[in-house]
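Please consult the model alongside them.

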Amino acid sequence: MDKSRLTFLGVIITIGIIFGDIGTSVLYVMKSFVHSTDATMNENLVLGFISLIFWVMTLQTTTKYVMIALKADNKGEGGVFSLFALIKNKTRRSVALLAMIGGATLLADGIITPAITVTSAVEGLHDIVPSINTNDVIVLVLIIFIFIFSFQRFGTKKIGSLFGPIMSLWFLSLLFWGVKSISTRPEILKAVNPKYALQLLISYPGIFVLLGAVFLCVSGAEDLYVDLGHCGRKNVRMAWFSVKVCLLANYFGQAAYLLSTNYNATKNPFFALVPDSFIVFQVILATLAAIIASQSLITGSFTLISEAIKLNLFPKLMIKYPTELKGQVYVSTVNIILFICSSCVVLFFRTSSNMEAAYGLSISVTMFVTTLLLSIYLYKVKNKKTFALIFLLFFGIEELFFLYANSLKFVNGGYITVIIASLIFIIMFIWYKGTEIKERESQYLTVKNYTKQLLKLSVDKSVPKYATNLVYLTGAKHEEDVDYAVLYSILNKQPKRANVYFFVHINVLDEPYRREYKVTKFSDKKILKITFNLGFRENQRVNMFMRQVIADLLEDKELELQPTKYNLRGKAETVGDFRFVLIEEVLGNSNGLSSFDNFIMGLRLKLKKITVTPEKWFGLDTSVITKEAVPLNVVQSTVKKLTRIK
């Protein structure tokens, strides 16, 4: 799909990929409203609540995200980490903390959302089989979870084409039942007048409890921005305006039901709109929509983690690409954690009504962080200073109200997502701060100063040949430099003779997709540094990339073929063998670090041990690899001189 073009097919696919979360909010928003008011209904209360939904959805989703945030894209990609990549070079490093908070709370929301969405849909079975109990619902939800999470490793290419039509049918059903209900109480439409929302805000004593319920209607708005890269701005915008009509029609229809004589406080207002003859169809459709919504959030979590890893905000985890679709990734560790945590949420809360208490708090933090980052982007990058301040004041104040409203849910279950988000943030902080300390304290040497020694070593036959081609991964960003530990390993630790020395540096760019490399030659055909410039969504497959680089160098005669005496084809001219040396940093006892930095580095190294190995991360599984441990080279603490006793 050409993401830059607006097409009918593109809109349908967009509806299937992006709008599952916000599209299934109709299952529990009005139900939460009923519970928040002790099931007592009157016209002013219902009109005020539905008016709040209309205006919050218009301001928060349409204005903030669809009209403004979608313009703040990084080469077509959106989300809190893409936004961070856009502004990080123009702001202080502390902005990284905001990005980590936003990412952590968004990932925490990705755990609670599948639980509440699927449970709300399956609970519709109560209207079909009244005898079904809570335990039966839980078992069915867990079975659905097993299916959803087991399928992730295969990607969604095969079933993804069904998402659009199914979700389109879902939204059409929302529109149909909503309009049908509105026709019985057309006066409900006067709620579009903001005076009803303002009256409720001013006069209702428990307004913050109601705001917590209102907020649920925009809980999936962040997904529009995060998944921008999958569909393109034009398709997202057109799809949203179609989806918004369907959602509002259903919300207004449910509000009309609350004012009708048929109102029953024990029923979910969403399923109450559907006649008994169609309830089976609607429950099945709701369950399919909930599965698709969960699927979108899970794959979105994979993308978020993948971006965080490339931006040095998260420990390295094994990333797989289940299909050839650009941007579709699979992270098995995240998949397992999401499955366990979402299942535990279902087992702990048991019903969707109980989950509502935990839902909303984490995503309200994410939205507030997005507002802060967007304001910085508008101020620093776009130079729209007045607009940035107005944007920050308007949406910042609005979201602080929602944040306070959702914080009231803390003791009733909100603490669950806060704990999850806090754990994710701590991991991010340790990794980011540890990487910062490592880069700050690492020492680099200019290769040109050691070229003569390397060339002399290369032809010194008194030293056993270590490899024909010796490859080191280096963190030195400057073309002329390599790590102190690299040259120490070649010249000091155990002199390593090779015909050709390669120093490889991977430079992760602030844009999502780019693959290019540059060759710096220190000695013709003997000592080379290869710098790979890769987008933060690209996989760092060094083995595969090096094959292409070697082929290009041979074609341009910048590298010589090496004669081999023994070969399957007899004596031949080949590139020769390759050996990769990976330097593993360790923490020395006397390293000169402060107590805090020492603590952080210790935790970072522990995290590194339980995450993916460097050889797997860099795609070196089939290569000849040597690992060497070198203490982190920092300023040594001063030691008093010993006095000799005679």
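Q: Which residues in α4 meet α9?
A: This is a predicted model, in which local features need pLDDT of at least 70, side-chain atom pairs count only at pLDDT 80 or more, and totals for chains, interfaces and linings use all residues. Residues are numbered from 1 along each chain as its sequence is written, and side-chain values use heavy atoms, with hydrogens and water left out. Contact means heavy atoms within 4.5 Å. On the α9 side the partners are Pro194, Tyr196, Ala197, Leu200 and Leu201, and in α4 they are Leu45, Leu47, Gly48, Phe49, Ser51, Leu52 and Trp55.

Q: At what angle do α4 and α9 pack?
A: Helix α4 spans residues 43-68 and helix α9 residues 194-203, helices being DSSP runs (H or I, at least four residues). Their axes, lines fitted to C-alpha atoms over the stretch in contact, lie 7 Å apart. The angle, on a scale from 0 to 180 degrees between N-to-C directions, is about 110°. That makes α4, relative to α9, roughly perpendicular (65 to 115 degrees).

Q: How many residues of helix α5 are buried?
A: Buried means under 20% relative accessible area (1.4 Å probe, protein chains only). Among the elements covering the buried residues of α5 are α6 and α15. Helix α5 (residues 80-87) is largely enclosed by the rest of the structure, because its buried residues number seven of the eight.

Q: How many disulfides does the structure hold?
A: A disulfide is a pair of cysteine sulfur atoms within 2.5 Å. The sulfur of cysteine 341 is 6.4 Å from the closest cysteine sulfur, in cysteine 344, and therefore too far for a bond. The number of disulfides is zero.

Terms used:
Helix = DSSP H or I, 4+ residues; strand = E, 2+ residues; numbered from the N terminus. Parallel < 35°, antiparallel > 145°, perpendicular 65-115°, else oblique. Buried < 20%, exposed > 50% of the residue type's maximum accessible area, 1.4 Å probe, protein only.
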